[in-house]
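Welcome! Please take a moment with the sequence and the structure before reading on.

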Amino acid sequence: MLAVQDVHKSFGDFKAVNGATLQVEKGRIVAVIGPNGAGKTTLFNLICGQLSPDKGRIIFDGQDITALPPHKVCRRGVARSFQIANIFPRLTVFKNVQVSVLSQHQKSGVLFKPADQLLIDETEKILDRVGLLDKAQVIAGSLSHGDLRILEIAIALGGSPRLLVLDEPTAGMSPDETKRTMGLVKDLSQKEGLTILFCEHDMDIVFNVAHSIMVMHHGRTLIQSSPEEVRKNKEVQEAYLGAEDA
Ligand code: ADP
Ligand code: MG
């Protein structure tokens with residue numbers, strides 16, 4: 001579904017992404033891990049079009065999307081959530097998701113009068129999927145941090161993506177919230193066949209969720225393989241021990 005081929009991105013002289021390669025197969029959960037500053041967020045910005053690479057190619061569904069602007073990448077079926085929540089704090093949870101469902105319908109041109117009920121049904125369905133239906137009428141700005149991050153995922157789902165890209169979905173969460181969020185990620189994959197790419201600096205979180213793990217270090221891909229292979233890999237162990245020493 002997604003192939004990132006030897007992508008590079010510098011900020012001035014600093015090589016934030018310096019040879020990243022990634023494969024995401026349809027229906028899988030793929031995790032990108034690496035210490036803070038490894039280049040994970042920059043890589044996601046390159047994939048989703050917030051940044052364009054200096055070198056390398058990004059292929060989605062067999063088509064070159066390298067350097068397409070974000071709205072075009074989104075229109076192809078890639079939705080992302082950000083490491084920093086991206087919501088309308090004064091609107092209700094329901095409205096936040098409805099806006100996203102609405103824009104999906106506008107782009108596919110099926111917005112006509114009876115669509116009103118359709119929008120409500122679809123919005124409720126998404127809230128139900130993520131476990132926020134009971135908070136539909138809550139003002140988003142008053143949600144707990146964990147619920148806010150879940151709302152972000154719901155907003156991303158409003159666009160009916162085929163590939164969901166999540167930047168540290170559990171950052172700042174309590175252990176319970178983390179468990180709930182990763183349970184949701186698993187469900188979206190297993191029950192709905194959604195393809196998911198997420199990044200995470202905590203190795204423990206990813207090992208029981210991801211089918212495939214790509215390890216980034218200093219902007220470069222060290223390895224992409226199964227959790228078992230990654231766990232055994234010497235270079236990965238050294239990169240993480242090195243990071244802990246620092
Ligand atoms: P990660 O998400 O793995 O923690 P990032 O992709 O955010 O890493 O950052 C990788 C490196 O690139 C960091 O050293 C960061 O300071 C640097 N960086 C990221 N964005 C910019 C930018 N816009 N300008 C300059 N440096 C940046
Ligand atoms: Mg990051």
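This report looks at the ligand surroundings and then at one aspartate in a predicted model.

## Around ligand 1

Let's begin with the shell. Ligand 1 is surrounded by F11, F14, A16, P35, N36, G37, A38, G39, K40, T41 and T42. By residue type, this shell splits into five nonpolar, five polar and one charged.

K40 places a polar side-chain atom 2.8 Å from an oxygen atom of ligand 1, and T41 has a polar side-chain atom 2.9 Å from an oxygen atom of ligand 1. From G39, a polar backbone atom is 3.0 Å away from a ligand oxygen atom.

## Cover and contributing elements

How much of ligand 1 does the protein bury? On its own the ligand exposes 560 Å², and the protein buries 58% of that.

Two or more residues of the shell come from each of β2 (14-24) and α1 (40-48). Helix α1 makes the greatest contribution, with three residues.

## A look at D147

Now for the aspartate. D147 sits in helix α5, which spans residues 145-158. Is D147 buried or exposed? D147 has a relative accessible area of 6%; because that value is under the 20% cut-off, D147 counts as buried.

Which residues does D147 touch, once neighbours within four places in sequence are left aside? D147 is in contact with L132, K135 and R180.

Notes:
Residues numbered from 1 in each chain as written. Chains lettered and ligands numbered in written order. Predicted model: local features only at pLDDT ≥ 70, side-chain atom pairs only at ≥ 80, totals over all residues. Heavy atoms only, no water. Helix = DSSP H or I, 4+ residues; strand = E, 2+ residues; numbered from the N terminus. Buried < 20%, exposed > 50% of the residue type's maximum accessible area, 1.4 Å probe, protein only. Contact = heavy atoms within 4.5 Å. Near = heavy atom within 4 Å. Polar contact = N/O pair within 3.5 Å; in protein donor to acceptor, adjacent residues only side chain to side chain. Areas by Shrake-Rupley, 256 points an atom, 1.4 Å probe, with all protein chains shown as cover. Nonpolar A, V, L, I, M, F, W, Y, C, P; charged D, E, K, R; others polar.
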